[in-house]
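This report describes selected local features of one protein model.

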Amino acid sequence: MAALFQSLTSGTCSMLRRLCGIAALLAAAVLGAAGANAQPAPDPRTAVVLSLDGIVGPATADYLIRGLAAAREQNAAVAVLRIDTPGGLDASMRDIIRAILASSVPVIAYVAPNGSRAASAGTYILYASHVAAMAPATNLGAATPISLGGSPSRPAEPPARKSAPADEDKPPPAPQKDAGEAKAINDAVAYIRSLAALRGRNADWAEQAVRSAASLSAGEARAQNVIDIIADDVPDLLAKADGRSVRVGNNETTLRTKDLRLLEREPDWRTRMLGVITNPNLALMLLMVGVYGLIFEFMSPGALYPGVVGAICLLVGLYALSALPLTYAGIALVLLGAALMVAEIFTPSVGILGIGGAISFVLGALLLVDTDTPAYEVSLPLVAGVAVASLGMTFLIARLALRSRRAPIVSGVEALLGQRIKVLSWTGAQGYVSAGGERWRAVGPAGLAAGDTVVIESAQGLTLRVRTAPEAPSRKEPA
């Protein structure tokens, strides 16, 4: 007993030492990551450089908002926002602009390097910044909402030929915009004009950029008072911005940007991960993997791996979808589809719930993301693949259910019916028989004896009713 206790104690201590070692390694990793991400001491002679490279989305907004907050905490002189973007989501763009307008650190938007652009959402961000600058061989504009400017309007009907030659020279009437298009364009125009008025920039050209997708090169933008500076690189930009007066909040501030120390703040692992998982196609795949993982776990309780992986994927997918502009109808249809597919396992509907769940899921996926930005549209081939996989899973479950229903009974009293069994003892019209490896009370014809073979006809409680078994035909030996 003492030896057993000593063995258990030593085993427990060994396990605790291992756990402590693992905890120490995790703590060291966390502290190392925190040290790697630790911010330097506040320095008023610092310019924090942020990069807006690619589609404007939830990951970009999160990175820039946190970058401006870090610039404020470091008491930086300015924050330089280097821009090269084709546009993106309206909600993310407005989040970035709100952060710029609320920033206590002056923000210099700089379209760079050469060959870059600030199209669509990038134009709004440029107009919202305290100082707007561009590098040579860059452009900005084309700020029409993509759902309106990206799809061609229906051409007007050709005018009927008139006898008067003067009527033939009149241009055809412009296509009429519907109420939705007019509402979206007027809202975008009012927004960018308000930004232009705030920063003292060309509001008329900003309206043209929205209404007619106008664009400008760097030189043209400077000539038309759309931007303030043309600079070759960031040091040249800071030298040219030195001494400019800008309005930060309610106060006028003079920029002292010459010879500032540059502090590049690159996107961290969180921004990169958020940029990957906020792709609606990947988020939808994570959601499906999560649903199927839970389905397999429910079908085979105790497997653990499908349930754990499915739960993680489901939570990550839901987090990714929460960062995207979603429609309530799409969310409701996706959740309803997942619930119906899970219910198919527990309800003998022979595929009805599963088919309905697949249809609901596909419709929800098509309506899920409330944007016409191509980078954030759900892929139709992916939706088709999800539909085929869901229907295949439904048909598999339905087939297994039908096979289980048609299979012979292998347990319970019903499984004994029709079996040939042996009589153990018999008196009059009742006795005991051996069935299924157990001793049963039985009633039947009189005259039976121990060792006779009988057939079970029915079962009443714990009593079997039997009858005499017909003799098996004898096999004749070949001549």
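## Backbone geometry and accessibility

Asp259 is exposed, since its relative accessible area is 69%. The model is a predicted one. Asp259 sits in the loop between β10 (251-254) and β11 (261-264), and its phi is near 60 degrees, a positive value in a residue other than glycine.

Ser120 also has a positive phi, near 50 degrees, and is likewise a residue other than glycine. Its place is the loop between β4 and α4. With a relative accessible area of 17%, Ser120 is buried. Most residues other than glycine have a negative phi, and most peptide bonds are trans. Pro113 belongs to the loop between β3 (107-111) and β4 (117-119).

## Helix packing

Two packed helices are described by the angle between their axes and the distance between the axes. The table gives these values for two helix pairs.

| Helix pair | Angle between axes | Distance between axes |
|---|---|---|
| α12 (residues 280-299) and α13 (residues 305-322) | about 150 degrees | 7 Å |
| α3 (residues 90-102) and α4 | about 10 degrees | 10 Å |

The angle of about 150 degrees between α12 and α13 makes α12 roughly antiparallel to α13, because angles over 145 degrees count as such. The crossing of α12 past α13 is left-handed. On the α12 side, the residues in contact include Ala283, Leu286, Leu287, Gly290, Leu294 and Glu297. Among their counterparts in α13 are Tyr305, Pro306, Gly310, Cys313, Leu314 and Leu321. By class, the contact of α12 with α13 comprises 16 nonpolar, 5 polar and 1 charged residues.

For the other pair, an angle of about 10 degrees between α3 and α4 makes α3 roughly parallel to α4, because angles under 35 degrees count as such. Met93, Ile96, Ile97, Ile100 and Leu101 of α3 meet Ala121, Tyr124, Ile125 and Ala128 of α4. The contact of α3 with α4 has 9 nonpolar residues, no polar and no charged.

## The aromatic pair

Tyr124, one of the α4 residues that meet α3, is also part of an aromatic pair with Tyr191. The count of aromatic pairs comes to 1. The ring centres of Tyr124 and Tyr191 are 6.1 Å apart and the ring planes are at 25 degrees, so the pair is stacked; the cut-off for stacking is under 30 degrees.

Tyr124 lies in helix α4 (residues 121-128) and Tyr191 in helix α7 (residues 179-199), so the pair ties together parts that are 67 residues apart in sequence. Both partners are buried: Tyr124 has 5% relative accessibility, and Tyr191 has 17%.

## Surroundings of Ser425

Ser425 is found in strand β12 (residues 420-427). This serine is partly exposed, with a relative accessible area of 29%. Leaving aside residues up to four places away in sequence, Ser425 touches Gly431, Tyr432 and Arg439. Between Ser425 and Leu448 the C-alpha to C-alpha distance is 8.5 Å, and the two residues are 23 residues apart in sequence.

How values were computed. Residues numbered from 1 in each chain as written. Predicted model: local features only at pLDDT ≥ 70, side-chain atom pairs only at ≥ 80, totals over all residues. Heavy atoms only, no water. Axes fitted to C-alpha atoms, helices over the stretch in contact; angles between N-to-C directions. Helix = DSSP H or I, 4+ residues; strand = E, 2+ residues; numbered from the N terminus. Parallel < 35°, antiparallel > 145°, perpendicular 65-115°, else oblique. Left-handed = near helix turned anticlockwise from the far one by under 90°. Contact = heavy atoms within 4.5 Å. Nonpolar A, V, L, I, M, F, W, Y, C, P; charged D, E, K, R; others polar. Phe/Tyr/Trp six-rings, centres within 6.5 Å; stacked < 30°, edge-to-face > 60°. Buried < 20%, exposed > 50% of the residue type's maximum accessible area, 1.4 Å probe, protein only.
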